[in-house]
Amino acid sequence: MRNRTLMPALLLAIVAGCNGPLDVKSKNTIPTETAISDSTSARAAVAGMYHGLQSLSSYGSDIPEVGDLSADNAEFSGTSTSYGEIDDNQISAFNSAVFDIWSQAYANINSANEILDKLGTLTDLDPATRDELQGEAYFVRALMYHDLVKYFGDVPIRLHPTTDPNAGSTITRSPVSAVYDQILLDLDSAASRISDSSSTTTASGGAVRALRARVLFYRGDYAGAEAEAHAVETDFGYDLAPNYSDLFSTTGNATPEDIFKVIATVHADQQSFLSYDYFAKAVGGTYLLRPTNDIMAAYQPGFDYDEDDPSDWHPTDLRGEWNIQFAGSRKYGAKYRSVTGTENFPVLRLGEIILIRAEALARLNQLPQAVSELNLIQTRANAPIFTLGSHTQQEVIDAIVAERRLELAFEGDRWSDLVRLGIAADVMGIDASQTLYPIPQAEIDVTPGLTQNPGY
Amino acid sequence: MSFSRSIWKIALAACAAASIAQAKAQGTPAPNVAIVRGTVTDSSSHAPVPGAQVVAVGTTRGALTDTAGEYTLRVPPGTLTIRVQRIGYAPSERTVTAALDGTTTADFVLRPVSTVLSEVVVTGYGTQNRAQVTGAVTQVAGQEVQNQPVAGVDAALQGKAAGVQVTQNSGEPGTGISVRVRGAASLSASNQPLYVVDGIPIANDPLAQQLFPAGSEAPTAITGLDPNEIESITVLKDAASAAIYGSRASNGVVMITTKRGLAGKAKFSVDLSTGIQNAATKLKLMDATQYVTYMNEGAINDGDGIQFFAGIDDATSTDWQDAIFRTGPVQNLHMGVSGGSETLRYNVAGSFFKQTGIVLGSAYNRANLRVNVDYDATPKFSLKTSIGLAREHNDRIEGNNSNDGIVTNAIGQPAVYHVRNPDGSFTSTADTTPSNNSEVYSNPVAIGTYDRLPDVTDHILGNLEGNYIFSPHLTLTGSAGVDILHDNENQWRSPLVVGNYAFGAHGVAQTTFDNTNHYLLQSYLTYQGGSDEGSALTVVGGGSIEYNTENSSFLRGEGFSSPEFQYVGSATNLVDFGGIPTANNLESFFGRANYSYKNRYLLQATMRADGSSRFGVNNRWGYFPAVSAGWVISDEPFMGNFGNRFGQLKLRGSFGKTGNQSIPNFAALATYGSANYGSTPGIAPLAFANPNLKWESTKEWDGGLDWYPFGGRISIIADYYHKLTSDLLTRRELPCTIGYCSFFDNIGNVVNRGFEFGLNTVNFKPAARGGFSWNTDFNISFNHNEVTKLNADQPVAGDNYRDISRAAVGQPIGEFYVLHFEGVDPATGDALYSDDRINAGSPQPKWFGGLGNTFGYKNFELRGFLEFSHGAKVFNLMRIFADDGGYSYDNKFAYAMNRWQNPGDLTDEPRASFDGTSGGREISDRFIEDGSYLRIQEITLSYRLPAGLFGARGLTNAKLYVSGHNLHNFTKYTGYDPDVNSNGTSNIDLGTDYYAYPRARTFTLGISGDF
């Protein structure tokens, strides 16, 4: 009688046997094959693509930071060796920050590719929505390829997702010109599909034109860049924010100058680390990197950080005053002030577009128009108004480049500018081969067709 | 699925059998009782043998002999086989006829044999006598791991078992231990053995720890078990022994059996010990004057301005290690009561272990309760429960790669900073003195004082087992087990630690809950038969199903109005949260047959089939066969008198296949995960598919011998093995350009081969009670580990800094791969290196083991235990900052003062160099050190109190002891301890010391006894 006790265990075993216990479903992931299946999930996939831009390896910290760290605006003051190498312009092919930037950019491109491919076969999606969402994917893909081409030169062009683990055997680098061609093709596809003109945290028609202006500008097509920049200035209702400091708000508030900002929130996977990394420890940051003495002297001529007292730091240039502050005796980057990482990052803003147009005009030798564009920026910054007088074309270009540095400091543009202008080696005192980042060694290991950049 | 159907069939068959048995049992009138009694004596001394186990074979009836060697058994009348066994004696059996209501006398004379030879080995779904064992199995008695001032059983195993390498990842109480049985084989799946406690395999994946992902400090599944509860530990080492656990067995199986009650008067036992611990070693770091001298010299060498003012900044010097180290008490109390009637036996025990860490802020407490009950409901049917409850409260400290690591910052913080300001407040790196500009580390004393990182786990390990004896030949066993682990981690990062993130964020609180549940149902039939011609056959067969689920949640809040609030509920912002439900299930069928002829020819065959939900649909089921054989050659007639003269000699050989399924759940699937943008819900590609993902499989050959010369006074167990692990579960790298940088695949082979040798000797046997005795236990293991195949033969790097640790074909796993340091140029003081990286040494030892000696005289016993390891290299990763020439502001090892200073200086320390121009900060084998060591792990002196000291009914077996642990470590290593692994859960990043918590030296005083 007592051996009935065995029964429950055996019965349970019997019941268990029927339930197909080996087919266990995940509750926090969904199968790739069915992930994008209707208009709701298509919109979610587009949001997920922007989420990739929030990554710390993307605009959450790395891309804006290395753009100043490699150049003469910022220097390394923490303990991360990967950043130390970037500061020294002695980057190893094993550098983890470079690997992260590379892999995140391609992960974002893959998100875009998934959307572009899968939306094409979805039946219950109205054409307008499909166009809008695909247009955004084209924009993000173009943005990523432009970042890649600026830092790495020739890069592989991937336009479709794959499920083949051996895909690496056929991947090779495409020349810079082909990458630019693809970017412009994507921007044309985006422009023809996006009708949204108001959003500043997702791709809008204005953002597509602004990115196009930047891409043409970096490619040296100054007439094209000038035309695009002019269109952005006049056709979309953008306006300079009244105060420089308005642009950098701890709550991510919008300004009329915003063209495309990446959202940052307190949530860990959407947080920006820009403030945290630049702030001194006394004000709650890690002090991973800090402004150089050189840019301080550029904001306040004659200021010597090593000799002068912190109380001597009072630049009349409002950008210098905002961007660099002191905590005790220590200088630190104060452009971004949300240590909890809630500050939306300005990927494209009107200030940059005006300076693109100014430089393009100068290079087209339309100097008065160039100077009047430049002075829009100067006025707001309380910086000396530039008078054309008898200045040569080169002097005007140099003045615009110098102001561009001050205006866009700590937004990640300086290194690409130095490389674009061909002066990176001179300014930084490095070998010309160090002006391109290395292709990550781990990537070359699994993609035999990838060549390394010279000098690595 | 056809296997689901077969589980049906087996379960139904089992049910039917049980029902028939039940019907039969109901149909038989309750039998009357017969009594068998007798005396058990020693064949050589003729003294009574107390504590011998007497059982009526084929019934649930058993008893123990008392101090006079006498026993009484109540059995059903009829002809019965009575078996007597006791460790240290050969078992003995005889047939008796017990008359109804009568008393039959059966006396036994036991022949003493080697302790090892007589031990009962737990083999999984059954036990075997050591003499019958054909595989490579090591047993460690419970007493070997008791009274150790370490929290876990796994730590206490260090050096005790041949072939079992135990690494203490760090000295932090109650945290990570790496156990490797016959070498590591896997690159991505777990390399920890499977633990089976009282027949229940427990979850052996690394415990999910959200706040402590760094590796070395993650607790292991087994830390919650009180070593005092353990009767024995059996390690199934070769594939043939372990294959009965199939897909989880390729890292070996550790079978733990807890103590059970024996019939008799209630016996109370108590064990109380208390001790103190302090840091066994201190690093020799620069004092303030040395630091200022060195840093300024480095700046001047590189043409920079001086960094510190000599005479001002070094006016006082802080020893940061002294500031965080302390003497910590350790206490252990274990109390139990056991006893019972012949049919209902119990063992109830509780214990409390309390350890204050030697580093400020750390502590570990554990409370245990165990209830083991055996109930013989009828002569045919018995039930047993094994229930263990444990609560661990571990006050951890952040370590390793954290800017808030207490040990990290105490090593890194230069001596020029002070612990406190003149006003008593803690200094911080936000302060502006001394005069340089270096903000590097937060004040470790402030961190230890204000920050908290407690981890509370509740562990329930329970098993209900029923046995029904159909006949002396056939027994049905069914059991249901649970292994439930609730883990609650909290973290408080105080805003009072000026200069860290929490300071700016006004406090950070995190809390996580993680519930891991493992349910198991299993049943199996055991057939035992034999013939008069001396052949014996045992067959076990059955099935099991296991459900594993894990649910976790996580919250992080920031911004607190007061540092008194330390819980996430008071935060201004909820900045992060998460929760992961996950599950995996395992269906299994297993069988084993043992055949022996005249106890001279032994044969064993096993088979297991496992189906796991973790694998790709194309490869769900794995099959794990094994065979082994033994030949007691000394008993062969042609060996003549060999056996009597030279002792019993058994030759063994085995081959088997095992698997490893320890990879994340759902790793085979292509998935999208949640990826929100602002408040817009989003999804993004997460993982790349592999529908062919399957088991990692290990094929292992083993050849060995068991030899017991000099009448069993010496026992020698030696094995040679060759273990090939193939289809390695690997995170294979993908081109990131396709959007994913890696996925799980089965690629690569690893070979482990080696030799193990265990020796137990009775050097001096006392002629009379109280005479001098001396026993020695020694074991040594040699393992050669080599990666023989990888994907496209591309090396796989670990996560260690700059790929310095990797698995490369032709090299052992974790081989360091760095530049070779060729010395310091006497002309310039610059470090010289090879052009390319070289294979610079293995973190795996060439040989390791332990040596224990026990001396007895009268009431005194002296025990000493040495543990050793030879040939492993340790990457002293601290030196990339602490011996970098002054490139970082970190404090430096004092030996950096032997730097090159003038042309012609001959030294191994490059010149000081503030900008790193000397090359001294290059990652090279300059930082790789010899990790060989010989540790005086234990010396214990105990005194057995005379019986009757507290009256006849007072304390018996009372013992006073004083004990020292980790007394000294002979090593050339310059970090705290070469037995270290800062990346504990990593399979490739081995033997790196990145600010590991130092090991304690402990002195304890204890008393134990029964009453």
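User: Which residue of strand 42 of chain B stands opposite Y817(B)?
Analyst: Y817(B) faces N839(B) there. This is a predicted model, in which local features need pLDDT of at least 70, side-chain atom pairs count only at pLDDT 80 or more, and totals for chains, interfaces and linings use all residues. Residues are numbered from 1 along each chain as its sequence is written, chains are lettered from A and ligands numbered from 1 in the order in which they are written, and side-chain values use heavy atoms, with hydrogens and water left out.

User: How do you know that strand 41 and strand 42 of chain B pair?
Analyst: Pairing needs at least two bridges found by DSSP. Strand 41 (residues 815-824) and strand 42 of chain B have six, in the antiparallel sense, so they count as a pair. Strands here are DSSP runs of E, at least two residues long, and helices are runs of H or I, at least four, both numbered from the N terminus.

User: What makes strand 39 and strand 42 of chain B the edges of their sheet?
Analyst: This open sheet has four strands in the order 39-40-41-42 (chain B). Strand 39 (796-797) and strand 42 (831-839) of chain B each have a single partner strand, so one side of each has no neighbour in the sheet.

User: Why are helix 15 and helix 16 of chain A called roughly parallel?
Analyst: Helix 15 (residues 367-381) and helix 16 (residues 393-408) of chain A pack at about 25°, with axes 11 Å apart. Axes are lines fitted to C-alpha atoms, for helices over the stretch in contact, and angles run from 0 to 180 degrees between N-to-C directions. Under 35 degrees is roughly parallel, over 145 roughly antiparallel, 65 to 115 roughly perpendicular, and the rest oblique. The two helices are therefore roughly parallel. Their contact (heavy atoms within 4.5 Å) includes L374(A) of helix 15 and I400(A) of helix 16.

User: What makes helix 9 of chain A oblique to helix 14 of chain A?
Analyst: Helix 9 (residues 205-219) and helix 14 (residues 350-363) of chain A pack at an angle of about 40°, and that makes them oblique. Among the residues that meet are F217(A) in helix 9 and I356(A) in helix 14. The crossing is left-handed, a word used if the near helix is turned anticlockwise from the far one by less than a right angle, with right-handed for clockwise.

User: How do you know that C736(B) and C741(B) form a disulfide?
Analyst: A disulfide is a pair of cysteine sulfur atoms within 2.5 Å, and the S to S distance of C736(B) and C741(B) is 2.2 Å, so the pair passes the test. A search of the whole structure finds one disulfide over all chains.

User: Why is the disulfide of C736(B) and C741(B) called right-handed?
Analyst: The torsion about its S-S bond is about 125°, so this disulfide is right-handed.
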